[in-house]
Each structure stands twice: as C-alpha cells, then as structure tokens.
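Here are my notes for a first look at this model. Please keep the structure open as you go through the points.

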Amino acid sequence: MKTKFYFLPILLLGGLSLFTACSDDDDENGGGQPSGPVIGPSGTNSGARLTSISADWGKTTYFQYNEDGTIKRISEEEDGEEDDWIAMTYNPFRIETKDNGFLKNVSFNDDGYLTHLAIEYSESDEEEGWSETGKGDMKLTYNSNGNLTKITVTGSYSGKGDGESFSGEYTGSITYSWIEGNLAKIQSTYDFGDGELSTETYEFKYSDEVNKFQQYIIGVDDATGFSEDFAPIGWLGKWSKNYPSSCTELKVEEDDEGKETYTGTHSWSNFSTTSDGLLSGFNYDGNRYTYTYDNTAPTAKKAAAKQTLNNNAPSPRTKKMSRRHLRHARMLNRK
C-alpha cells in the first residue's frame, strides 16, 4: 500500500455536493461516513464480504469488518509479514494509515461512494537532503449507474532539495469513460505549473464473460493506485459489467528538458467464480490473483442519515509527494 499513498498528493482530494449532512465548516473539519455498511463487492447485495486478495508472488491484502458490516481495517502482508495498514473508526468516522496519519475531510454520497479526501503533509530525509510540506484536495464524481467518472485534484507544495528551495501548485484530473457498462478508457493529466506535464491513457478490451457483481479487478486502475484498497470494498462505485481481457497504456512526461514516452500492454485471463458468481481468481500479466469471502451477510441496515465527521486529527504525514517522486512511484506501481 505504500505506493498507493504516493497518489494522494499528486491527484489530491476534495468535497462533493452530493453529501448533504455537512455543517458550514465541513470544508475544514467534517464530511460524512458511509450511509451503511459495505454489504458486498462494489456495494452489491451479494451476501458476502471480501476478506482477502492474494497474489501468487507473495502479497496478500486483508479486509476486516465490524459486526455491523462496516469496514474496520485493510492490511497488507508480503511474504507473511505485515507491511502496511489502513484503519477505520466510527462515530466519529476517521481513516488512519500506518505511515501517513489521518486523512482529512472524508465524505461519501448517498450510495456510500467516496466523494472527497484532503491531506496535509510534512516529510524529510536527512540522508538524501530533502524536505517538503504541502496540502492537497481531491474530488470524485459518479454517473447515474454508480460508475466513477472523474477525479480532480488541486494542491500546493514547498521544500528544499539538492541545496535549492522549491515551491509550486499542481492540478490533476482523471477521466473515466464508460461504454455499455464497461470502462473503455482512463485519461489522466497532471500539471505542476512549471512547464512539467504528465499524461496517461489506458484503453480496455473485454471478454464476453459477465462480471456478475461488477467487482473491481486488480490492475484496471493503475492510474490511481489507491483504488486497490478502496475499490474492492465498494467505496469507488461499480465497475465493468464484463471481465477485461487486455489494456494498452501510453504515458508521456514533458518538461524543459524534453519528452519521455512509455507504452505498454496488460492482459487478464482465466477468470473463475464461486458458485454464487463472485469473482474468485484470475491471471493478470502472468500472475494469479485470488479473492476470498466470509459468506456472511452483515446484519446492519443502511442508516437513514449520515453522521458528521470529526476529523480534527493530527495532519497526516505522507511520503514522496512531489513531482520529483512521481516517476519513482509510477515505476513501483508498474511492478
């Protein structure tokens, strides 16, 4: 999960008007928690809760729940050792991360989909001789079918590195295009305000196999790495109606020294399901991924109204936030 949080400042997070139970100062200290427990993959009433996603190369992500079905903890183990975690507490609702502290101003819409996040951070490395502080804001929007359509980000940063001071503002956007219920294209653009631009385009093809519960498939949203934590539990809406078969990607980075281009392809195959039609496994770029469930439906019903967040928590600390770390983060995400 470390690489997932590199995403936050580069595409950072903000509030959405779909959340209706906010006070006047919600932009600073509040928002809302999910309107009900996550009751199945991608928010469907499947009667099962996702408990783990395992890769055959040694990494497993675990999802733990409270008795009412709300998500409690997401943790990652690699080769049998816990590497990272995200913890959720309720009344008031907060999201805490192992290395990055508390996320701020978290909001959801009436369907329980994430619509806003914000962070502030301060980080340094004496050995490498750099330090940086900054803040950012991210907004997420959805269409009437419950599909994620856009993420927009704004933020600012300042610090020192290589004996020089730097500062700036950045903007970012990711657009998700859907055709007949399937994600056709992801296009992302990051502008760091100093002549450095980065764009990414992902285009998808699909098989005829039906994704019964419109579950999130690992690898689909490499453009926004944090999806691998939040999408499987239904916080980022519904995903494609069919299983993906392949993807092409194009990444272009431009600055005053020129342009760099990266192209690649990805593939999915050998999808398997449980007797109920839940995704149980597939191959992605030669690796096997396995999903497991507890087969227990939560007992709690959706709340009639959301409760206000009280995120007056310590400012989160997050790693490698600026553009100088963007290439490193993307290289990690491609592994």
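**Notes on a run of paired strands**

1. Start with β16 and β17. In this predicted model, strand β17 (residues 287–293) pairs with β16 through four bridges, and the two strands are antiparallel. Within this pairing, Tyr-289 of β17 is the bridge partner of Phe-282.

2. Now look at the link between them. β16 and β17 make a hairpin with two residues between the strands. Asp-285 has a positive phi there, near 50°.

3. Turn to the other partner of β16. Strand β15 (residues 258–273) also runs antiparallel to β16, and four bridges join them. Ser-269 is placed opposite Asn-283 of β16. This pair is a hairpin too, with five residues between β15 and β16. In its turn, Gly-277 shows a positive phi of about 95°.

4. Next, the core. The largest nonpolar core has 60 residues. Leu-114, Trp-235, Trp-268 and Phe-282 touch the most other members. Strand β11 (residues 164–179) contributes the most to this core, giving five residues.

5. Finally, check Trp-268. Which residues does Trp-268 contact beyond its neighbours within four places in sequence? Phe-282, Asn-283 and Tyr-284 are among them. The list also includes Phe-204, Ile-217, Ile-218, Gly-219 and Val-220. Pro-244, Ser-245, Ser-246 and Cys-247 are in contact with Trp-268 as well.

Technical notes:
Residues numbered from 1 in each chain as written. Predicted model: local features only at pLDDT ≥ 70, side-chain atom pairs only at ≥ 80, totals over all residues. Heavy atoms only, no water. Core = buried A, V, L, I, M, F, W, Y, C linked by side-chain atoms within 4.5 Å. Buried < 20%, exposed > 50% of the residue type's maximum accessible area, 1.4 Å probe, protein only. Contact = heavy atoms within 4.5 Å. Pairing = 2+ DSSP bridges.
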